[in-house]
Amino acid sequence: MTVPAEKLRLGRVGESARRTDAVPKVTGEFAYSSDAYAAGMLWGRTVRSPHAHARIRSIDVSEALAMPGVHAVLTHEDVPGEKRYGLEFRDQPVLAFDRVRYFGEPVVVVAAEHPEQARRAADRVRIEYEPLEPIVDPERATEQEPLHPDRPTMGHGYRDDPRPNVVRSLVIRRGDPDARGDVSVSGVYELGIQDQAFLGPESGLAVPDGEGGVDVYVATQWLHVDRDQVAPCLGLRPEQVRIHLAGVGGAFGGREDLSMQIHGALLALHTNRPVKIVYDRQESFVGHIHRHPAKIWAEHRATRDGKLVCIRVRILLDGGAYASSSTAVTSNAASFACGPYAVENALVESTCVYTNNPPCGAMRGFGAVQSCFAHEAQMDKLAAALRIDPIELRLRNALAPGDSLPTGQRITGTLPVADVIRRCAELPVPEAEELPRDPIRLPGGAGNTTRGEGVRRGVGFAVGFKNIGYSEGFDDYCTARVRLLADGSAEVHCAAAEVGQGVANVILQTARTELDTDDLVLAPATTSSVGSAGSASASRMTWMAAGAVREACRAALAERERTGGEVDVERVYRHPRTTPFDPETGQVTGERAHVAYACAAMRVVAEVDVELGLTRVVWIGTAQDVGRAVNPQAVEGQIEGGTAQGLGLALMEEVQTRGGLITNASFTDYLVPTTLDMPPVESVLVEDPEPDAPYGVKGVGEPPTVVSTAAILSALRDATGRELTRVPVSFDEVVGLD
Amino acid sequence: MELRRPPDAQHAVAALGNGSLALAGGTDLVPLLRDGIVRADTLVHLADAVPRGIDGTRIGAGTTLAELEVDPQVPAALREACAQAASPQLRSMGTIGGNLRQATRCWYWRLRFPCWLHGGEVCHAKAGQHREHAIFGNERCASAHPSDPAAALLALGARVRTDRRELSVAELYRLPTDESRDVVVLAPDELVLELDVPLPDASVYLKAMDRKKWAFPLVGVAAARFGDRVAFGLAGVAPIPWAVDSADDLDRATPLPGTAYKVQIARALIARAFSAL
């Protein structure tokens with residue numbers, strides 16, 4: 001006897017649906033951008049500066065050009081259009097001329113039949129440099145010769161800061177910054193440079209179309225902004241450059257800026273052959289921007305009963321050699337410097353400087369990570385000074401809808417700070433495990449360094465928040481196109497970059513919900529068939545893609561109702577408009593400078609072997625404000641991944657530099673946490689729908705990264721009794737306590 | 001570059017020297033060649049030239065770390081040191097003979113700074129960043145020897161047989177000098193063939209590292225007890241594997257400002273290793 005099987009029903013909004021890319025990624029069948037192939041393709045190679053700062057005296061490519069298999073060796077002279085590009089400011093040379101400003105800056109590109117031929121030819125390019133003294137100390141950068149005398153970031157509505165080498169400075173003044181409380185605590189906090197450490201290095205394939213244009217298949221975060229940077233440098237119209245999303249092996253902000261796109265396209269157009277460029281790991285470390293290292297001075301003043309009176313914070317970010325998205329990171333660090341707490345009086349100064357260190361830009365958490373590490377250390381310090389329970393202190397000051405931020409922006413949407421604190425604090429903290437235990441369950445792990453000697457336990461807590469979406473008046477939108485076909489099936493086009501965060505499922509689940517069918521496909525993301533989706537950044541893609549796809553689906557259904565035939569509609573979705581900060585006071589000039597906010601609380605149990613300085617994060621519990629979870633399983637995945645990235649910054653991840661040179665550009669020397677370093681994460685999704693967002697969704701990718709570094713440090717402080725003011729934590733601060 | 005695969009040790013020795021280098025598992029040599037830190041005209045593949053396998057106390061130089069870490073004939077300290085080194089992929093390629101010749105992880109050296117170890121005048125690490133560097137034998141060069149198994153072999157009093165002589169692991173290593181910046185006493189064409197590893201009454205390897213697994217030692221301590229005598233071998237504390245008799249020897253350490261923490265770790269680990277025996 002057979003029973004007719006129930007029709008497979010795929011996930012709708014709010015359901016845990018298996019990700020379309022999950023199985024192929026696990027089985028190794030997923031095609032990453034580095035797998036791209038075209039018949040007759042050449043291999044590109046980039047010649048990079050070995051100096052952090054130098055004048056280029058001469059470039060001689062003749063020997064390289066004569067090498068076997070070589071088809072092209074190009075310099076800045078071969079760039080037919082604009083010589084500079086940039087994500088927000090056109091300040092970065094496509095290929096360096098006159099001088100190089102950071103270690104690894106591209107100077108020459110080579111194309112050859114075989115990657116090894118390209119590598120050998122690259123070694124034969126003769127570049128004569130005159131080394132210049134690099135600016136490596138951000139605290140002294142404003143006293144030195146300007147790296148960018150033309151000040152490309154000035155005159156964009158930001159505060160006009162006359163000091164040399166300032167990328168942007170922002171001052172937020174609220175109430176009376178001299179207001180005094182009963183107690184005051186202060187501290188100085190530092191964070192090292194973190195790398196995105198995505199597993200798929202930068203790679204792509206550029207294919208000439210034979211009519212002067214080019215197709216670029218690349219792992220990126222925002223196809224259309226890539227196109228808009230590539231085309232002018234090639235001297236082409238935007239439609240002559242088509243960017244197609246190739247399989248992305250992680251991004252985390254590191255693919256917002258261009259890597260091989262212009263270089264590959266230049267070589268392809270010059271040779272009239274497809275050109276593939278794949279960075280190796282070492283090159284990847286100089287091939288993208290990093291998280292800004294920071295130094296933060298903070299003072300918190302409060303009443304005896306624990307009410308914050310005034311917060312004063314000074315933030316210094318090292319932006320490295322080029323602007324990238326540093327101006328937005330500067331304002332984000334300032335916007336979130338006081339934490340998710342209500343405070344009437346504040347003075348926040350945030351400054352980002354140019355140096356000859358590695359360029360910094362977007363990375364998951366985007367300025368809020370640095371601030372959260374400092375404000376949560378301060379809140380713990382304040383709790384200790386007041387002898388108030390640290391969770392209680394946070395509850396007494398928790399921001400709520402209706403409250404105003406130090407920027408003057410009133411919270412009009414949801415922001416359940418007290419709720420995430422309570423829900424997180426309710427999670428039962430696991431009992432200390434019995435001894436003896438497997439060494440993997442002790443600080444030191446496989447190194448077998450303790451059987452329990454020296455081990456102390458600590459419990460920590462942190463709360464943080466961050467904006468969703470692009471801010472400060474940016475025209476932030478997302479486009480979606482829906483085709484309803486005669487056979488009843490549908491085709492969805494959206495150029496939102498699936499970078500591993502799960503946006504493809506968000507799009508599919510939205511379309512299935514709106515069209516009420518499983519019979520639909522998501523077309524490949526490309527600039528050639530649909531308008532811009534904006535960036536897979538700022539925890540915005542779920543909100544924006546869901547908004548655009550929902551509108552396009554609804555419009556398509558209405559159109560079919562009207563015409564009865566096949567329909568093809570494109571719709572643009574915009575979130576509520578934002579306006580810039582006042583350049584002098586840092587106050588909002590309209591209703592909002594940020595669209596919306598999301599918060600998270602995290603509780604951490606850690607053990608520290610205080611004789612050796614080795615740590616073990618035992619357990620993490622978290623409650624996160626997610627608006628509404630489109631795919632709860634995927635949200636939990638984002639929380640775990642984001643937490644791991646923050647754990648890396650807390651314990652081990654730092655790009656080391658000497659005189660501007662990166663010294664640990666490999667996964668042998670730049671350590672990222674393994675699964676053994678990551679504890680189980682118990683997550684509570686707090687669903688408080690955002691009124692302005694489609695289905696009430698919020699972004700979920702960044703809040704866990706924002707809080708986890710701070711929460712882990714809080715636990716380590718509890719275990720050791722040390723201040724631990726720098727991440728990643730150094731042994732010197734922990735070792736030999738007994 | 002030429003790759004040769006001689007059929008036996010004799011031919012391998014004849015092929016070595018004069019710009020040719022021995023290739024075993026290649027886990028260290030290949031990255032060094034790729035990064036241009038060492039150069040070779042010819043690679044001499046040792047697969048058929050050196051013995052592989054474990055026979056009682058005798059271990060062929062071509063035996064992989066993966067083979068050593070699971071063999072019950074092998075003393076615990078060496079098994080544990082192999083198991084804690086690198087990742088499974090590297091351990092299944094890397095040989096014990098090659099591991100003894102593993103180069104330092106010193107960033108300055110790996111970035112080809114013209115440092116003393118490369119034949120230059122100064123050790124950049126001493127004036128620069130040196131968190132991972134040495135606390136012993138660091139007068140000229142502050143690099144740290146990264147091998148976990150070498151520290152274990154040192155504590156175990158292992159002996160090394162080459163194509164021309166027999167010497168102890170302690171004699172195999174020496175601090176580099178102005179005349180020769182090498183860390184071993186072997187001739188350029190000398191081949192390590194076999195190890196003889198005495199069986200102790202008890203032994204152990206403890207390793208402090210930056211994450212739970214798959215990292216080089218900040219400090220590794222191997223301890224082996226023979227009767228009432230306990231010997232210690234340390235990894236990550238000197239340009240070569242470093243032998244100490246007791247924690248008191250740490251009073252003679254010469255840490256740099258950034259490596260003082262290693263003295264404390266070593267002291268604690270020696271005490272813990274001693275009590276584990």
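## Aromatic groups and charges over rings

A:Trp222, A:Tyr470 and A:Phe474 form one aromatic cluster. The model is a predicted one, in which local features need pLDDT of at least 70, side-chain atom pairs count only at pLDDT 80 or more, and totals for chains, interfaces and linings use all residues. Residues are numbered from 1 along each chain as its sequence is written, chains are lettered from A and ligands numbered from 1 in the order in which they are written, and side-chain values use heavy atoms, with hydrogens and water left out.

Over all chains, the structure holds 13 aromatic pairs. In one of them, the ring centres of B:Tyr108 and B:Phe113 are 5.0 Å apart and the planes stand at 85 degrees, so this pair is edge-to-face. Rings of Phe, Tyr and Trp (its six-membered ring) pair if their centres lie within 6.5 Å, with planes under 30 degrees apart counted as stacked, over 60 as edge-to-face and the rest as tilted. B:Tyr108 has 3% relative accessibility and counts as buried; B:Phe113, at 17%, is buried as well (buried: under 20% relative accessible area; exposed: over 50%; partly exposed: in between; 1.4 Å probe, protein chains only).

Two arginines of chain A lie over ring faces: A:Arg255 at 4.0 Å from the ring centre of A:Phe198, and A:Arg314 at 4.0 Å from that of A:Trp297. The criterion is NZ of Lys or CZ of Arg within 6 Å of the ring centre and within 35 degrees of the ring normal.

## Helix packing

In chain A, helix H13 (residues 632-651) packs against helix H14 (residues 703-720) at about 50 degrees, with the axes 7 Å apart. That angle makes H13(A) oblique to H14(A). Residues in this contact include A:Gly642 and A:Gly646 of H13(A) and A:Ser708 and A:Ile712 of H14(A) (contact: heavy atoms within 4.5 Å).

In chain B, helix H4 (residues 76-84) and helix H9 (residues 148-155) pack at about 170 degrees, with their axes 8 Å apart; they are therefore roughly antiparallel. Angles under 35 degrees count as roughly parallel, over 145 as roughly antiparallel, 65 to 115 as roughly perpendicular and the rest as oblique. Axes are lines fitted to C-alpha atoms, for helices over the stretch in contact, and angles run from 0 to 180 degrees between N-to-C directions. Helices (H or I, at least four residues) are DSSP runs, numbered from the N terminus.

## Surroundings of B:Gln84

B:Gln84 belongs to helix H4 of chain B and is buried, at 8% relative accessible area. Not counting residues up to four places away in sequence, B:Gln84 touches A:Ala446, A:Gly447, A:Asn448, B:Asp148, B:Tyr205 and B:Lys207.

Definitions and conventions:
Helices (H or I, at least four residues) and strands (E, at least two) are DSSP runs, numbered from the N terminus.
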